[in-house]
Amino acid sequence: MGAMTSPATAARHRPGDDRPPRVLRVAGPLVEIACTTGVAMHDVVLLGEDRLPGEVVAIKGDVVTVQAYEYTGGLAPGHPATPQGGPLAVRLGPELLGGVFDGLLRPLTRVGDLLLASGRSTEPDGPSWPFTPRVAEGAHVAAGDALGDIGASVPLHVLVPPGCSGIVTRIAPAGDHAEDSPIAVVDGHEVRMAQTWPVRRPRPVRERLPADVPLHTGQRAVDLLFPVARGSTVAVPGGFGTGKTMLLQQIAKWCDADVIVYVGCGERGNEMADVIEELSVLTDPRTGGRLAERTVTVANTSNMPMMARETSVHTGVTVAEYFRDMGLDVVVIADSTSRWAEALREFASRMGELPAEEGYPAGLASELAAFYERAASVRILGGADGSVTVIGAVSPPGGDRTEPVTAHTERFVRCLWSLDRDLAYARHYPAVSWADSFSRDAAALAAAHARAGDPEWAERRGRVAALLAEADRLADLVELVGVTALPPRERVSVLAGRLLREGLIQQNALSSSDAYCTPEKTAALAEAVLTVIDRCIELVDSGARADAVEAVDFTPLLRAREDAGPRETAPVEAARDLVLARLGELV
Ligand SMILES: Nc1ncnc2c1ncn2[C@@H]1O[C@H](COP(=O)(O)OP(=O)(O)O)[C@@H](O)[C@H]1O
Ligand SMILES: [Mg+2]
């Protein structure tokens, strides 16, 4: 947002003028306050007796414009305003895991389909967490070092905060401690389990590393054709109803990250309530724990105020960086970045900014870039490796991919999973287009698969992609002249396209065996379908009739993805052998 990225400008302090700041004017969410002491751009100001939070968006002399994050009904001129002396910062601690929060990271409670403010824990000091120290008093520590371990649902540490280093003069004994109680004193600074961090400032790391380790999403269309590396970026553009939310929810449930931060941004509240409900009953196939316990949900649904929607993506990435700094692999899912961009647009028009493309502010591209740039595979300050992967849905109005949000986003991401309206209409799910999607991580990941014992990975991917493209090329011809007019080899190509689409690429999100797929089962399914296709080619090449090949019952092969469990390969091989035997009867 243009106005927000301008350099910080502090209102000048006039000596002798120490009237407390007060509200001058209220125009919807924009509130002007008279304020003569040091406030800076982006600082948080609490408005009125109810202390509604807002953010400084303009400073002209001693009139400061604050954009309220909440409904300003009841706020009037003369009411007090309380600058907080810094930009929006959030409290980061173990309590985040399993929680549902608004864009400012205030807890929400689910009541039916609604998400309502709930207030922090009712215990006086908040809940306690088991703490085990790792260092002794007198030790020398530097920023990012672990002072001790926190016993939470994923392994967490108490870290020496960025910018702090020195001698540990006090460390808490092993035992239960509240998030806000002092755990250690380092170089005179008290360190607690929970720490605050400004949401728009990336947390520091030692270095960025190449992103070359696969994030297994459990979705074959992605893992096989358009794979994503840990620390990479993905955009998922698709028109209304093409399955963006379903795909992102599948990834939230089944990808092999340590922590998921799910940012529901401007989408329907009941969808958020559903995903929270589902996560609370599902178990993590890797750990056996509840999936909810590795998930942090940031919800700013369509019925909540726009301004907090703008901050929610920054809040989400900041939460992700906090877990990354524990040496974990984190995935941030934002559904939808288009709704977030709409908040930027609304804000710019309210501020009377000169609109650029389609009413979006001129700073749209840099805002999008700044968001995706926070994704990275890194060496953290403490020396271990961690990553933040960002996956954002994009909802182009009318499916028009040239509109500004989609067009800019496509320039900034390493992977694009483009959802195709025709596939969705045909109920081919997930509707990831093999013609319009890309993965710039594929070459690096081919090497990673080879190192991990699957040197065939790149060739398999190439064959599947080529066969799908060939079947697409023939589809128009088939529509025109019918399949029977094609030469036998091309009829097998058409058949191959169908077997690949139905037996391999489609995935049923509602089936317990097919909802997610391990790399081994994905490889087995691909091998099975490719082997059957090869056999069909051999048959027609040696004179078998194409219609006889087409008439073979391929059902076991097409049903293998649902008949075999998520990590089973033997039933897939059995289905392949059964179909090969049926083909064998043709000679
Ligand atoms: N993987 C899937 N399996 C089964 N049905 C799906 C799948 N993906 C999408 N659908 C169907 O499409 C509908 C719309 O999907 P949704 O994710 O809400 O679309 P979008 O977020 O793009 O508007 C869903 O309600 C569901 O019926
Ligand atoms: Mg959706």
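Arg 170 stands opposite Val 185 in β17. This is a predicted model, where local features need pLDDT of at least 70, side-chain atom pairs count only at pLDDT 80 or more, and totals for chains, interfaces and linings use all residues. Residues are numbered from 1 along each chain as its sequence is written, and side-chain values use heavy atoms, without hydrogens and water.

Strands β15 (residues 166-171) and β17 (residues 182-186) pair in the antiparallel sense over 3 bridges. Strands are DSSP runs (E, at least two residues), and helices are too (H or I, at least four), numbered from the N terminus. Two strands pair if DSSP finds at least two bridges between them. An open sheet of 4 strands runs β12-β15-β17-β18, with antiparallel pairing. Its edge strands are β12 (140-141) and β18 (189-192), each pairing on one side only.

Salt bridges come to 39. Each one sets a side-chain nitrogen of Lys or Arg within 4 Å of a carboxyl oxygen of Asp or Glu. Examples include these:

| Salt bridge | N to O distance |
|---|---|
| Arg 200 and Glu 310 | 3.1 Å |
| Glu 207 and Arg 379 | 3.7 Å |
| Asp 325 and Arg 324 | 3.0 Å |

Glu 310 is buried at 1% relative accessibility, while Arg 200 is partly exposed at 26%. Buried means under 20% relative accessible area, exposed over 50%, and partly exposed in between (1.4 Å probe, protein chains only). Both Asp 325 and Arg 324 are buried. Arg 91, Glu 95, Glu 179 and Asp 180 form a network of salt bridges.

His 449 lies in helix α10 (residues 442-451). His 449 is buried, at 9% relative accessible area.

Technical notes. Chains are lettered from A and ligands numbered from 1 in the order in which they are written.
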